[in-house]
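Subject: Structure handover and findings

Dear colleague,

My notes on it follow directly after.

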Number of protein chains: 2
Amino acid sequence: MRAETLKGHLDGLLLASLEDGPRHGYSVIEELRAVSGGQLDLPTGTVYPALHRLETAGLIQGRWSVVAGRRRRAYQLTAKGRRALSKERAAWTRFAAVVGSVLEGRQPCPDPT
Amino acid sequence: MRAETLKGHLDGLLLASLEDGPRHGYSVIEELRAVSGGQLDLPTGTVYPALHRLETAGLIQGRWSVVAGRRRRAYQLTAKGRRALSKERAAWTRFAAVVGSVLEGRQPCPDPT
DNA sequence: GACCATACATAGCGTTGCTACGTATTGACG
DNA sequence: CGTCAATACGTAGCAACGCTATGTATGGTC
């Protein structure tokens with residue numbers, strides 16, 4: 001997966017990975033790698049600053065803990081974060097349809113709405 | 001369409017709009033607006049520099065002409081540009097599948113490969 | 001003791017697209 | 001004839017974003 005491809009869509013991925021419950025940064029990376037079949041292997045230098053950004057923006061909330069002698073910061077979606085995720089999803093659907101229609105000459109997946 | 005959403009995918013769109021024959025910048029903008037149903041309305045400050053970039057990279061080649069008293073620069077895909085477009089398409093398919101699977105919990109469009 | 005996996009963090013950089021502006025011609029409208 | 005919209009090109013400067021490289025520290029394994 002080329003680097004810059006992700007631009008503008010990272011936040012959505014991070015929020016989505018937190019949807020089913022709190023996770024810490026390292027775990028988010030592993031989760032995304034797993035669900036993408038290894039195609040998405042985000043560097044820590046991408047994820048940690050992004051999580052800080054999302055927290056500052058009030059979309060997630062972090063809490064320190066210590067597990068097996070290692071400190072962790074587990075993040076949880078806020079109500080605002082959930083709304084943002086839902087917007088990201090909608091934006092992605094539109095975006096994918098538009099780019100798909102240009103690149104592939106068709107609607108990638110007909111939008112049921 | 002939010003601004004930054006496009007990052008990293010603009011080149012593919014521009015190359016695709018030149019696939020069916022030469023076009024000048026203004027015409028590329030109109031074409032993309034048309035095929036996207038008005039959702040994609042690229043500012044000239046985005047398109048012209050991008051076309052220059054693509055030309056410098058050898059993916060397209062421009063030629064000046066004058067039509068109805070107005071100067072135009074019509075761009076045409078080079079062989080290298082065609083190869084790049086095909087790579088962009090493949091990259092898009094992979095990318096859309098990955099993001100789709102994370103955001104929507106499924107493969108948006110199963111990849112036939 | 002060395003090394004890898006786990007877990008966090010930041011500085012600095014390059015790319016990218018946008019905003020805002022500027023130039024020039026043609027044609028329509030009053 | 002003056003004004004304005006559409007056509008058509010261009011650039012400077014900016015802000016956002018994600019990556020690379022690097023650093024710290026612990027626990028488990030060999």
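Helix α4 of chain B, residues 79–104, has 26 residues and, at 1.5 Å a residue, should span 38 Å; its end C-alpha atoms lie 37 Å apart in the model, which agrees with that expectation. Please bear in mind throughout that this is a predicted model. The buried residues of α4(B) are Gly81(B), Ala84(B), Leu85(B), Glu88(B), Trp92(B), Phe95(B), Ala96(B), Ala97(B), Val98(B), Val99(B), Val102(B) and Leu103(B). Their cover comes from both chains: it includes α1 (10–17), α2 (25–35) and α4 (79–104) of chain A, and also α1 (10–17), β2 (60–67) and β3 (70–77) of chain B. After α4(B) comes Gly105(B), with a positive phi near 70°.

Next, the layout of chain A. Its secondary structure amounts to four helices and three strands, and along the sequence these follow the pattern α-β-α-α-β-β-α. Chain A has 113 residues, of which 30% count as buried. Considering contacts in chain A between residues at least 6 apart in sequence, 43% join residues at least 24 apart.

The sheet is described here for chain B. Three strands form an open sheet in the order β1-β3-β2, with antiparallel pairing. β1 (23–24) and β2 of chain B stand at the edges with a single partner strand each, so one side of each has no neighbour in the sheet. β2(B) and β3(B) run antiparallel and are joined by eight bridges. Ile60(B), for instance, has Leu77(B) in β3(B) as its bridge partner.

Ala68(A) counts as exposed because it has 5 C-beta neighbours inside 10 Å, and the cut-off for exposed is 12 or fewer. In chain B, Ala68(B) is likewise placed in the loop between β2 and β3. Phi of Ala68(B) is also positive, near 55°, in a residue other than glycine. With 5 other C-beta atoms within 10 Å, Ala68(B) is exposed.

On the contact between the two protein chains, 29 residues come from chain A and 29 residues from chain B. On the side of chain A that touches chain B, the elements giving two or more residues are α1, α2 and α4 of chain A. Of these, α4(A) gives the most, with twelve residues. By class, this side of chain A has 16 nonpolar, eight polar and five charged residues.

How are the two copies related? Chain A superposes on chain B by a rotation of 180° with 0.0 Å of shift along the axis, at an RMSD of 0.1 Å. This is the relation of a two-fold axis. Both copies use the same surface, since 100% of the contact residues of chain A recur in chain B. Lys7(A) is the residue of chain A that comes closest to the rotation axis, with its C-alpha at 2.8 Å.

Turning to the DNA, 30 residues surround DNA strand C, and the closest are His24(A), Leu10(B), Gly45(B), Thr46(B) and Gly69(B). Two or more residues of the surface near DNA strand C come from each of α2, α3 (44–56) and β3 (70–77) of chain A and α3 (44–56) of chain B. The residues of this surface divide into twelve nonpolar, twelve polar and six charged.

DNA strand D has 29 residues around it, and Leu10(A), Gly45(A), Thr46(A), Gly69(A) and His24(B) come nearest. At least two residues of the surface near DNA strand D are supplied by each of α3 of chain A and α2 (25–35), α3 and β3 of chain B. By class, the surface near DNA strand D has twelve nonpolar, eleven polar and six charged residues.

One further residue may be of use to you. Glu30(A) lies in helix α2 of chain A. Glu30(A) is partly exposed, with 14 other C-beta atoms within 10 Å. Glu30(A) and Trp64(A) are 34 residues apart in sequence, and their C-alpha atoms are 19 Å apart in space.

With kind regards

How values were computed: Residues numbered from 1 in each chain as written. Chains lettered and ligands numbered in written order. Predicted model: local features only at pLDDT ≥ 70, side-chain atom pairs only at ≥ 80, totals over all residues. Expected span 1.5 Å × (residues − 1). Buried ≥ 20, exposed ≤ 12 C-beta atoms within 10 Å, placed from the backbone. Contact = placed C-beta atoms within 7 Å. Near = placed C-beta within 6 Å. Nonpolar A, V, L, I, M, F, W, Y, C, P; charged D, E, K, R; others polar. Least-squares fit on C-alpha atoms with pLDDT ≥ 70 in both. Pairing = 2+ DSSP bridges.
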